[in-house]
Amino acid sequence: MTTTRSTSGTNPRKTQRRGRPRSVFQAAQSGDDVQLLTALRDRIAKTLADPDTPARDLASLSKRLLEINGELKTAVKVMEEEAKKARAAEGSGAGGDEAWSGV
C-alpha cells in the first residue's frame, strides 16, 4: 500500500508518494532517500539479471547491490524508529496531562 506524506503544509509539489518510483531519476528528484535507494537497488538487480550484462561488470554490480541493500535496510529501520517515537509522543499527549483514573 502506498501512502502520501506532505513535507510542508499544503504545497502539492512537496507531496511525496511512498512506494516504488518509476526511475532512478524520479527517485532522486523526490528527495526521498528510501525511494532513491530502492530505485538504485532495483535498477542494479535488473542489470545483473540481464544476460547481456558483460561478465566484467558482474562483480562490481553485485558488490554495490549488497551495499545499497544494507543502506536501505538501515534507512528503513531509522524511519520505522522515528515513526514509532512519533506515535508514542502522540499517545502520551503533548500537554503533559496525567492519566485519568476513572474515578
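Visitor: What makes the largest nonpolar core, and how many residues has it?
Guide: In this predicted model, the largest nonpolar core consists of Val34, Leu37, Ile44, Leu61, Leu65, Ile68, Leu72 and Ala75, eight residues. A nonpolar core is a set of buried Ala, Val, Leu, Ile, Met, Phe, Trp, Tyr and Cys residues joined through side-chain atoms within 4.5 Å. Buried means under 20% relative accessible area, exposed over 50%, and partly exposed in between, with a 1.4 Å probe and protein chains only. Helices H2 and H3 (55-92) each supply at least two residues of this core, and the largest share, five residues, comes from H3. In soluble globular proteins, nonpolar side chains tend to be buried together.

Visitor: Which residues of H3 are buried, and against what do they pack?
Guide: Leu61, Leu65, Ile68, Leu72 and Ala75 are buried in H3, and the buried residues of this helix pack against H2. On the H2 side, the buried residues are Val34, Gln35, Leu37, Thr38, Ala39, Arg41 and Ile44.

Visitor: Which residues does Leu72 touch, not counting those up to four places away in sequence?
Guide: Contact means heavy atoms within 4.5 Å. Leu72 touches Val34, Leu37, Thr38 and Arg41, with residues up to four places away in sequence left out. The C-alpha atoms of Leu61 and Ala45 are 8.3 Å apart, although 16 residues separate them along the chain.

Visitor: Why is Asp32 called buried?
Guide: Its relative accessibility is 4%, so Asp32 counts as buried. Asp32 sits in the loop between helix H1 (24-30) and H2.

Visitor: What makes Asp32 a cap of H2?
Guide: A side-chain oxygen of Asp32 lies 2.9 Å from the backbone nitrogen of Val34, at the N-terminal end of H2. A polar contact is a pair of N or O atoms within 3.5 Å; within protein, one must be able to donate a hydrogen and the other to accept it, and residues adjacent in sequence count only if both atoms are side-chain atoms.

Visitor: How do you know that the spans of H2 and H3 agree with expectation?
Guide: The expected span of a helix is 1.5 Å times one less than its number of residues. For H2, 17 residues should span 24 Å, and the end C-alpha atoms are 24 Å apart, which agrees. For H3, 38 residues should span 56 Å, and the end C-alpha atoms are 56 Å apart, so this helix agrees too.

Visitor: What is the secondary structure of the chain?
Guide: The chain has three helices and two strands, in the order β-β-α-α-α along the sequence. Helices (H or I, at least four residues) and strands (E, at least two) are DSSP runs, numbered from the N terminus. Of its 103 residues, 18% count as buried.

Visitor: Where is the confidence lowest, and where highest?
Guide: pLDDT is the predictor's confidence in each residue, from 0 to 100. The mean is lowest in strand S1 (residues 4-6), at 42, and highest in H2 (residues 33-49), at 96. Over residues 1-17 pLDDT stays under 50, and the model has 21 contacts beyond four places in sequence for them. For the chain the mean is 81, with 71% of residues at 70 or more.

Visitor: What conventions apply here?
Guide: Residues are numbered from 1 along each chain as its sequence is written, and side-chain values use heavy atoms, leaving out hydrogens and water. Local features need pLDDT of at least 70, side-chain atom pairs count only at pLDDT 80 or more, and totals for chains, interfaces and linings use all residues.
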